[in-house]
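Subject: Structure handover

Hello,

Here is the structure we spoke about. My notes on it follow below.

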Amino acid sequence: MRDYCIVRLNLTSDLEGEVRSQLYRHPCLGLEFSPEAGRLAARAYFDADYPLAELRRDLERHAPALRWEGETRIRLPASGHSAGEPVRVALLGREILLRGGPAFGSGAHPTTRLAAALLGEIDLRGVSFLDLGAGTGILSILARKLGAAAVTAVEILPEARENAAENFRLNGAGGITLAAELGEAEGSYDLIVANILSPTLIALGDAILARLKPGGRIVLSGILSGELAEVLRAFRPCALERRLEEAEWRALRLRGR
Ligand SMILES: C[S@@+](CC[C@H](N)C(=O)[O-])C[C@H]1O[C@@H](n2cnc3c(N)ncnc32)[C@H](O)[C@@H]1O
């Protein structure tokens, strides 16, 4: 078991990029954003003994309109080799076993469901697949179950990588390479999925496009409705093939030239 502190924040969506980069600079172990009455609620996980006063000072300096709603201490199985029964998640009729790392993609979030739905509409058999922001590894596992030939899962947080590696083992999902950053993903891919927040999708746009095979597809999720135009601009060389939405969340499937 491990003790965590969850910091609860409330902000307007224009602050999301700044807040996100401050949280990861500190460093945050897991982060969830969800729409709440026209604003965004954030839950950021830290080690229980992480000095939060400095984080709060930085957030208030860089995003003065943000509201610090409070802190909650919890005890969770440490990700990686957690105790307890794995959770069974059904995605596109496939059963996936996940052992709970906090906030790295439980399958319950609309952004994961939307990405999965876009993947389920195309034939994944034999494709090379890149999962950027793999979290628990849920979409990589799904892609292997749907027939993807070779999967590379990129996840920036060490704890989430450990958790993904355990979930790959639990699901008997071989043939998945784990990488710590996009720069480590070699070669080019038929299909790239990225369920990350829009500021990151935009920042990594060119690097993602550079890894797409000619005529390949990109699935982007984690986009709030107001951010759609800017994300599409960052991926302009691609054609929009399909768009799905759930509440304020949007997801896109794009086709490369
Ligand atoms: C919303 S979760 C998605 C998890 C899972 N793919 C899903 O669909 O449920 C986004 C993940 O992206 C990771 N992430 C954020 N920025 C990243 C980056 N630049 N490179 C790789 N992973 C990143 C986060 O640590 C987090 O685990």
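Buried area here is the accessible area, taken with a 1.4 Å probe, that two parts lose on being put together, summed over both. Please keep in mind that this is a predicted model.

The chain is divided into domain 1, residues 2-76, and domain 2, residues 87-255. Their centres, taken over C-alpha atoms, are 24 Å apart. Between them, domain 1 and domain 2 bury about 1300 Å², and carbon and sulfur atoms account for 62% of that area.

What holds for polar interactions across this boundary? The count of salt bridges between domain 1 and domain 2 is zero. One residue pair is in polar contact between domain 1 and domain 2, with both residues at pLDDT 80 or more.

On the side of domain 1 that touches domain 2, the elements that give two or more residues are strand S1 (2-11), helix H1 (16-25), strand S2 (30-36) and strand S3 (39-47). S2 gives the most to this side, with six residues. By class, this side of domain 1 has 10 nonpolar, four polar and four charged residues. In terms of contacts, 18 residues of domain 1 meet 15 residues of domain 2.

Next, the aromatic rings. A search of the whole structure finds two aromatic pairs. One of them is formed by Tyr4 and Tyr45, in an edge-to-face arrangement. The ring centres are 6.3 Å apart, with 80 degrees between the planes. This pair links distant parts of the chain, as Tyr4 is in strand S1 and Tyr45 is in strand S3, 41 residues apart.

Regards

Terms used
Residues are numbered from 1 along each chain as its sequence is written. This is a predicted model: local features need pLDDT of at least 70, side-chain atom pairs count only at pLDDT 80 or more; totals for chains, interfaces and linings use all residues. Side-chain values use heavy atoms; hydrogens and water are left out. Domain bounds come from an automatic or database domain assignment. Contact means heavy atoms within 4.5 Å. A salt bridge is a side-chain nitrogen of Lys or Arg within 4 Å of a carboxyl oxygen of Asp or Glu. A polar contact is a pair of N or O atoms within 3.5 Å; within protein, one must be able to donate a hydrogen and the other to accept it, and residues adjacent in sequence count only if both atoms are side-chain atoms. Helices (H or I, at least four residues) and strands (E, at least two) are DSSP runs, numbered from the N terminus. Ala, Val, Leu, Ile, Met, Phe, Trp, Tyr, Cys and Pro count as nonpolar, Asp, Glu, Lys and Arg as charged, and the others, Gly among them, as polar. Rings of Phe, Tyr and Trp (its six-membered ring) pair if their centres lie within 6.5 Å; planes under 30 degrees apart count as stacked, over 60 as edge-to-face and the rest as tilted.
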